[in-house]
Amino acid sequence: MDQVKDMVESECLYHFISWSLEILTLVGHPALVEVITHEGQVIMGTLKGYDQTTNVILKSAKERIFSDDGVEEVPLGLYIIRGDNVAVLGQVDLEADEAIDWANVKSQSLNHIRHH
């Protein structure tokens, strides 16, 4: 049983380390990332830094607010997101993002994440 536990822990550690190394390669490069928060906010910006608790610093950040009327982009500037509020973080494919006509995208906003 201890071997299985060690394998699971090492597998989790491997994924965390590989994720951390991947994020590290984005820091210092003009990499556009998108963060979805536990409150359902969608925030984009250039990744400037992060720490071991996944606090994220974004430069030139903007929030995309989705509604039945379309997508509104609100400029936020330099923005810090607490790590315990990060649900998803990923690199944006700039070419694909620019190909989307955001003015015609209509959607309900995301709900808050509920913890049970």
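Is Glu 73 buried, partly exposed or exposed? At 35% relative accessibility, Glu 73 counts as partly exposed; the cut-offs are under 20% relative accessible area for buried, over 50% for exposed and in between for partly exposed, with a 1.4 Å probe and protein chains only. Before the close-ups, a word on what you're looking at: this is a predicted model, where local features need pLDDT of at least 70 and side-chain atom pairs count only at pLDDT 80 or more, while totals for chains, interfaces and linings use all residues. Residues are numbered from 1 along each chain as its sequence is written, and side-chain values use heavy atoms, with hydrogens and water left out.

**View 1. The whole chain has two helices and five strands.** Helices (H or I, at least four residues) and strands (E, at least two) are DSSP runs, numbered from the N terminus. Of the 116 residues in the chain, 28% are buried. Take the contacts (heavy atoms within 4.5 Å) between residues at least 6 apart in sequence: 49% of them join residues at least 24 apart. The chain exposes about 8300 Å², and carbon and sulfur atoms supply 56% of that; accessible areas come from the Shrake-Rupley method with a 1.4 Å probe, and for residues only the protein chains shown count as cover.

**View 2. Here is the one aromatic pair in the structure.** The ring centres of Phe 66 and Trp 102 are 6.0 Å apart and the planes meet at 70°, so this pair is edge-to-face. For the rule behind that, rings of Phe, Tyr and Trp (its six-membered ring) pair if their centres lie within 6.5 Å, and planes under 30 degrees apart count as stacked, over 60 as edge-to-face and the rest as tilted. The two partners come from distant parts of the chain, 36 residues apart: Phe 66 is in strand S3 (residues 56-67), and Trp 102 is in the segment after helix H2 (94-99). Both Phe 66 and Trp 102 are buried.

**View 3. Arg 64 has its charged end over the ring of Trp 102.** That end is 3.9 Å from the ring centre. To count, NZ of Lys or CZ of Arg must be within 6 Å of the ring centre and within 35 degrees of the ring normal. Arg 64 itself is buried, at 3% relative accessible area.

**View 4. Glu 34, Lys 62, Arg 64, Glu 73 and Asp 97 are linked in a network of salt bridges.** The structure holds five salt bridges, each a side-chain nitrogen of Lys or Arg within 4 Å of a carboxyl oxygen of Asp or Glu. One of them joins Glu 34 and Arg 64 at 3.9 Å, N to O. Glu 34 lies in strand S1 (residues 32-37) and Arg 64 in strand S3, so this bridge ties together parts 30 residues apart in sequence. Arg 64 also meets Glu 73, at 2.8 Å, N to O. Lys 62 pairs with Glu 73 too, with the closest N and O atoms 3.2 Å apart; here strand S3 supplies Lys 62 and strand S4 supplies Glu 73, 11 residues apart. Lys 62 is partly exposed at 27% relative accessible area, and Glu 34 is partly exposed at 25%.

**View 5. Ile 57, Leu 78 and Ile 80 make a nonpolar surface patch of about 310 Å².** Patches are made of residues with over 30% relative accessible area and no salt bridge; like charges are joined within 9 Å, and nonpolar side chains (Val, Leu, Ile, Met, Phe, Trp, Tyr) within 5 Å. Leu 78 belongs to strand S4 (residues 70-81) and is exposed, with a relative accessible area of 65%.
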